[in-house]
Amino acid sequence: MRKYLAFTRGSFMVGLVYRFGPLLSLIGNFIYLGVAYYLWHSIYKNSDTLRSMTFNETFLYVAIGSAVFILLKTYVDWEVSYEIREGIISTYMTKPLDYQTYILFTSLGQTLMSLMVITIPTLLIITLVFKVAIPLGVGTLLFPLSLLLAFVISFCFDYFIGILAFYTESVWGLSTTKEIIILALSGALIPLQFFPAKLQSILLLLPFQTIYHTPLMMLTKPDQDPQIFVSMLIVQVVWAVVLYALTRLFFEQAVKVLRIAGG
């Protein structure tokens, strides 16, 4: 485990060296928050609550959702596909490490850097600039654990797309399609409460909602029955284990088609 933590530390340090990219992301996120604030403010103009959510809860959900999106954007799919396409992945086959675990811990370092540079400043912007209070409760305490599980689940989707490079020359279209599906079905842009009831019941059965909806609801409605949060965490754990195992099995099969021409 220690050797993988070294990859996390190295990835984190690289992120600190190249700080300009995260800074631009933070500025872009700030602009998005301004647009989202006035958009939802106009929607709530004649109502105190919509779909059992107040304006503060909805804006907090959307604002944190934008920060979580940047947080989970590690480009694992592009990195893995590049290493497969260029044959770099063969060098890992001869080293005493597990490739999937290596990629996971490396992307974790990038996520921790984004957490420090983007997510935490976003929370400060929400409270200091937009004057939206972050409620406290059991859900607030469980939010970091839920966010960690969301990271693992998001990683599995990205890693799966990257592995498909064993069979395709490019994953650009697949990666774009994956992003659209997750954003549309996970509640990343709009809380699932605003979807029709029948559609909500379907979306809650899919793994996508565990990436955004679950952790965001823990932060926006943290005073719910703790049993509700426990059930949500259990669903996250199940999906994290299942997806991690499936991507591992898929990699073991896909790597058999690897062909590298030396020179």
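**Before selecting**

Residues are numbered from 1 along each chain as its sequence is written, and side-chain values use heavy atoms, with hydrogens and water left out. In this predicted model, local features need pLDDT of at least 70 and side-chain atom pairs count only at pLDDT 80 or more, while totals for chains, interfaces and linings use all residues.

**Stop 1: Thr-8**

Select Thr-8. It lies in helix H1, residues 2-17. Helices here are DSSP runs (H or I, at least four residues), numbered from the N terminus. Is Thr-8 buried or exposed? Its relative accessibility is 7%, so Thr-8 counts as buried. Buried means under 20% relative accessible area, exposed over 50%, and partly exposed in between (1.4 Å probe, protein chains only).

Now show the neighbours. Leaving aside residues up to four places away in sequence, Thr-8 touches Phe-105, Leu-108, Gly-109 and Leu-112. Contact means heavy atoms within 4.5 Å.

**Stop 2**

Next come the salt bridges. The structure holds six. Each is a side-chain nitrogen of Lys or Arg within 4 Å of a carboxyl oxygen of Asp or Glu.

Select Lys-73 and Glu-179. Their closest N and O atoms are 2.4 Å apart, in a salt bridge. The pair links distant parts of the chain, 106 residues apart. Lys-73 sits in the loop between helix H3 (55-72) and helix H4 (76-85). Glu-179 belongs to helix H8, residues 172-185. Lys-73 is partly exposed at 24% relative accessible area. Glu-179, at 17%, is buried.

**Stop 3: Lys-178 and Asp-158**

Lys-178 is in helix H8 and Asp-158 in helix H7 (residues 138-163), 20 residues apart. Lys-178 is buried, with a relative accessible area of 7%. Asp-158 also counts as buried, at 5% relative accessibility.

**Stop 4: Arg-248 and Asp-98**

Finish with Arg-248 and Asp-98. This salt bridge brings the closest N and O atoms to 2.8 Å apart. Arg-248 is in helix H11, residues 226-254. Asp-98 is in the loop between helix H5 (89-93) and helix H6 (99-128). The two residues are 150 residues apart and link distant parts of the chain. Arg-248 is partly exposed, at 26% relative accessible area. Asp-98 is partly exposed too, at 24%.
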